[in-house]
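Subject: Structure handover

Dear colleague,

I am passing on the structure below, and would ask you to look through it before reading my notes.

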Amino acid sequence: MTGRLNSAQPYAIGLFRIVVGLLFACHGASSLFGSFGGQTVAAGTWPGWYAAVIELVGGSLVLLGLGTRAAAFISSGAMAYAYFKVHQPQALWPIENSGEGAALYCWAMFLLIFTGSGAFGLDRLFAKRSETQGRTAADKTPVAV
């Protein structure tokens with residue numbers, strides 16, 4: 001049983017990354033463009049507009065699996081800031097201060113920093129291409145005698 005689950009791990013991480021990235025990007029789109037029934041944040045306002053840009057760009061990158069670790073690092077930090085500066089001063093527990101979303105996104109993105117993109121990510125596609133190009137370049141390099 002464990003062997004089967006371990007072999008499916010990259011696919012589970014890939015699906016997790018896709019769902020988290022999509023939801024995070026939708027949250028940013030809602031704040032920036034008023035889509036999905038959200039209210040727009042005025043351009044350039046601190047911290048709302050900057051958080052929305054990080055959510056949209058970071059979520060899109062995570063969704064695509066492109067620069068996943070860096071995008072997840074910045075996104076996780078933004079959500080930690082959101083929790084501790086916006087939600088936590090209202091009450092201690094996330095259930096009391098409506099900070100569940102910020103806390104969950106922070107920890108989900110934090111997990112992706114360490115796991116990477118998993119399966120289905122553009123990171124893997126580019127890594128395979130660079131490996132293939134590196135091998136062909138090494139094959140063409142003459143060997144010094």
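Predicted model: local features only at pLDDT ≥ 70, side-chain atom pairs only at ≥ 80, totals over all residues.

Residues are numbered from 1 along each chain as its sequence is written, and side-chain values use heavy atoms, with hydrogens and water left out.

The largest nonpolar core has 16 residues, and Met-79 and Met-109 are those with the most contacts inside it (such a core is a set of buried Ala, Val, Leu, Ile, Met, Phe, Trp, Tyr and Cys residues joined through side-chain atoms within 4.5 Å). At least two residues of this core come from each of helix H2 (9-33), helix H4 (68-87) and helix H6 (100-115) (helices are DSSP runs of H or I, at least four residues, numbered from the N terminus). H6 gives the largest share, seven residues.

Met-79, which lies in helix H4, counts as buried because its relative accessibility is 4% (buried means under 20% relative accessible area and exposed over 50%, with partly exposed in between, for a 1.4 Å probe and protein chains only). Leaving aside residues up to four places away in sequence, Met-79 touches Phe-24, Glu-55, Ala-102, Tyr-105 and Cys-106 (contact means heavy atoms within 4.5 Å).

Turning to the surface, Phe-120 is found in the loop between H6 and helix H7 (122-140), and is exposed, with a relative accessible area of 52%.

Best regards
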